[in-house]
Amino acid sequence: MNANAVSKFHEIISHYRRLLLANPGKGLLICAGGNAAILDDGEVYGAAILLDGTPELDNLYEFDLCAFNTDMGCWDGETPEQTWLRINNPTFIDLGAPEKPLSGSANTKFWEEASGAEKADYCTWRLIDQKQGLDALKALFPAAEADEMNFVLFSTSGVHGSYQTIEQEQKAPGTGVTFMVIHPRLVLTRYGVVYPKSEGDFAFLKKLRATSWKAMTDVGADT
């Protein structure tokens, strides 16, 4: 096995330990937000995120090199950029219960179940507070980077709003832009309305739309 890849694996775990030591009582979201790194007796373990948003503390697991892509230097199912984004722009969760339910790959307080099974997949989630649309999208996509497992359609309209595009909202704000987040591998969707205000808000949404378009073309592509 490539010694440099093994070193990269241990480097990532070391960063997890550093972040957790600096944030006692917290878990660190990793692996697309569906798992958390937990510090227990000075050692770093992984924990699955339950539907209520809490880590499964009674079923911790050791990080396994077999789940690490030694060729790319990142976790399986992620790009190196995604793995390192969780370190360079960390998201922490309390080790107690959150205020709102959690579903799928994001530790957020923004979603409630609209339909489907009472589990983290095979269901639809709606935004609880439409005023938090932008915050909810940034929680899912901190750098406005979509991928083939997580992407967004804008101006979806239908039963939850208008056909207003991002550009139309920028010229005449107030209507809002409908969106649908799609997680194909979880058979899970989220929907809501976002109300951008600043130039930075609009730039974020346009970048997320562009990376989502690119990500969708990669789904099922023979690469």
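Predicted model: local features only at pLDDT ≥ 70, side-chain atom pairs only at ≥ 80, totals over all residues.
Q: Why is L19 called buried?
A: Buried means under 20% relative accessible area, exposed over 50%, and partly exposed in between (1.4 Å probe, protein chains only). L19 has a relative accessible area of 9%, and therefore counts as buried. The residue is found in helix α1, residues 3–22.

Q: Which residues does L19 touch, not counting residues up to four places away in sequence?
A: L19 touches L28, I87, P90 and F92, with those sequence neighbours set aside; contact means heavy atoms within 4.5 Å. L19 and L39, 20 residues apart in sequence, have C-alpha atoms 9.8 Å apart in space.

Q: What makes L29 a buried residue?
A: Its relative accessible area is 2%, so L29 is buried. L29 belongs to strand β1, residues 26–30. Between L29 and R86 there are 57 residues of sequence separation, and the C-alpha to C-alpha distance is 6.9 Å.

Q: How much of the chain counts as buried, and what share of the contacts links residues 24 or more positions apart?
A: Of the 223 residues, 40% count as buried. Among contacts with a separation of 6 or more, 56% are between residues 24 or more positions apart.

Q: What makes a set of residues a nonpolar core, and which members of the largest one touch the most other members?
A: A nonpolar core is a set of buried Ala, Val, Leu, Ile, Met, Phe, Trp, Tyr and Cys residues joined through side-chain atoms within 4.5 Å. The largest such core has 22 residues, of which L137, V152, F154, F179, L205 and L208 touch the most other members. At least two residues each are supplied by α3 (133–140), β9 (151–154), β10 (177–183) and α5 (199–218). The largest share, five residues, comes from α5. L137 touches V152, F154, F179, V181, V194, F204, L205 and L208, not counting residues up to four places away in sequence. Apart from this core lies another, of 15 residues, including I12, I13, L28 and A37.

Q: How does the length of α5 compare with the span expected for its 20 residues?
A: The expected span of a helix is 1.5 Å times one less than its number of residues. α5 reaches 29 Å from its first C-alpha to its last, close to the 28 Å expected. Following α5 is G220, whose phi is positive, near 80°.

Q: Which residues of α5 are buried, and what covers them?
A: The buried residues of α5 are D201, F202, F204, L205, L208, R209, T211, S212 and A215. Their cover includes α3, β9, α4 and β11 (188–194).

Q: Why is Q164 called buried, and what makes a polar contact with its side chain?
A: Q164 has a relative accessible area of 15% and is therefore buried. Q164 lies in the loop between β9 and α4 (166–171). Its side chain makes a polar contact with the side chain of E169, at 3.0 Å. A polar contact is a pair of N or O atoms within 3.5 Å; within protein, one must be able to donate a hydrogen and the other to accept it, and residues adjacent in sequence count only if both atoms are side-chain atoms. Leaving aside neighbours within four places in sequence, Q164 is in contact with S155, E169, A172, T175, G176 and V177.

Q: How many disulfides does a search of the whole structure find?
A: The search finds zero; a disulfide is a pair of cysteine sulfur atoms within 2.5 Å. C66 is exposed because its relative accessible area is 67%, whereas C74, at 0%, is buried.

Definitions and conventions. Residues numbered from 1 in each chain as written. Heavy atoms only, no water. Helix = DSSP H or I, 4+ residues; strand = E, 2+ residues; numbered from the N terminus.
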